[in-house]
Amino acid sequence: MDKERQKIDAIDQKLVALLIERLQVGEQIAQIKFEQKLGLTDIMREKNLLDELMTRVEDEHLRPYIKDLFRDILLVSKQVQAKKIKALQDTQ
Ligand SMILES: C=C(O[C@@H]1C=C(C(=O)O)C=C[C@H]1O)C(=O)O
C-alpha cells in the first residue's frame, strides 16, 4: 500500500498548489466585482463551468463525485471571495 499512498501524496501536493492558485485568482475576480459593483455569484458561469468539466470525465461512474467536488470548490471559492469583498468594503 505504501506505493499507492506515495502516489496519493504526490497528487495531493499538486492539488493543493492548484487549489491555492484557483482561490487566489478568485480573489482577483472579487476585487474586480467590488470595483464594478457586481454580484458575487454568477449562476450561468457556474452552470457552464460544471457542464464543460463533466464532459471531460470519461469515467461515467465518477461523474457525480467529481461534480460534488466541484460544487464544494465553488462554494469555498465564493466564501473566500465574499471575505475579500467584505474586507474591501470595510476600508471604504
Ligand atoms: C470566480 C467567479 O465568482 C464565482 C465563483 C466561481 C468559481 O469559483 O469558479 C464562478 C462563478 C461565480 O459564481 C466568477 O464570477 O468567475
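For the complex, the predictor gives an ipTM of 0.98 and a pTM of 0.95. Because the model is predicted, local features need pLDDT of at least 70 and side-chain atom pairs count only at pLDDT 80 or more, while totals for chains, interfaces and linings use all residues. Residues are numbered from 1 along each chain as its sequence is written.

Around the ligand lie Gly26, Ile29, Thr41, Asp42, Arg45, Glu46, Leu49, Leu74, Ser77, Lys78 and Gln81, a residue being near if its C-beta atom, placed from the backbone, lies within 6 Å. Two or more residues of this shell come from each of helix H1 (2–35), helix H2 (43–55) and helix H3 (63–90); helices are DSSP runs (H or I, at least four residues), numbered from the N terminus. H3 gives the most, with 4 residues. By class, the shell holds 3 nonpolar, 4 polar and 4 charged residues, where Ala, Val, Leu, Ile, Met, Phe, Trp, Tyr, Cys and Pro count as nonpolar, Asp, Glu, Lys and Arg as charged, and the others, Gly among them, as polar.

The packing of two of these helices comes next. H1 and H3 pack at an angle of about 45°, with their axes 9 Å apart; axes are lines fitted to C-alpha atoms over the stretch in contact, and angles run from 0 to 180 degrees between N-to-C directions. H1 is therefore oblique to H3, as angles under 35 degrees count as roughly parallel, over 145 as roughly antiparallel, 65 to 115 as roughly perpendicular and the rest as oblique.
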